[in-house]
Amino acid sequence: MMTFGALLGSLELGMIYAILALGVFLSFRTLNMPDLTVDGSIVTGMAVLAMVCAGGGNPFFALIGGFLGGG
């Protein structure tokens with residue numbers, strides 16, 4: 001039986017992967033070639049955010065740092 005936490009986690013991952021797939025789809029339709037920059041930028045931004053939060057930093061500044069790191 002699925003718990004509420006597992007359901008919420010699966011919905012969260014689904015939303016993240018939907019944004020990722022939309023970015024790859026749009027770049028493929030406009031450039032006519034698969035641009036996988038979206039894959040690397042989302043993972044890099046999340047890694048920066050995780051490292052700042054794990055180091056005891058402010059989550060708001062970690063979010064800004066993750067945005068800049070992914071950009």
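## How the helices pack

Helix 2 and helix 3 run roughly antiparallel to each other, a label for angles over 145 degrees, while those under 35 count as roughly parallel, 65 to 115 as roughly perpendicular and the rest as oblique. Welcome to a predicted model, where local features need pLDDT of at least 70, side-chain atom pairs count only at pLDDT 80 or more, and totals for chains, interfaces and linings use all residues. Residues are numbered from 1 along each chain as its sequence is written, and side-chain values use heavy atoms, leaving out hydrogens and water.

Helices here are DSSP runs (H or I, at least four residues), numbered from the N terminus. Axes are lines fitted to C-alpha atoms over the stretch in contact, and angles run from 0 to 180 degrees between N-to-C directions. Here are the two helix pairs:

| Pair | Axes come within | Crossing angle |
|---|---|---|
| Helix 2 (residues 37-54) and helix 3 (residues 59-70) | 7 Å | roughly 150° |
| Helix 1 (residues 4-31) and helix 2 | 8 Å | roughly 145° |

Let's start with helix 2 and helix 3. On the helix 2 side, the contact (heavy atoms within 4.5 Å) is made by S41, T44, G45, V48, L49, V52 and C53, and on the helix 3 side by P59, A62, L63, G65, G66, G69 and G70.

Now to helix 1. Helix 1 also passes helix 2 in a right-handed crossing. Here L20, G23 and V24 of helix 1 meet V38, D39 and I42 of helix 2.

The helix ends have details of their own. Just after helix 1 comes N32, with a positive phi of about 60°. Helix 2 is followed by G56, whose phi is also positive, near 90°.

How values were computed
Helices (H or I, at least four residues) and strands (E, at least two) are DSSP runs, numbered from the N terminus. A crossing is left-handed if the near helix is turned anticlockwise from the far one by less than a right angle, and right-handed if clockwise.
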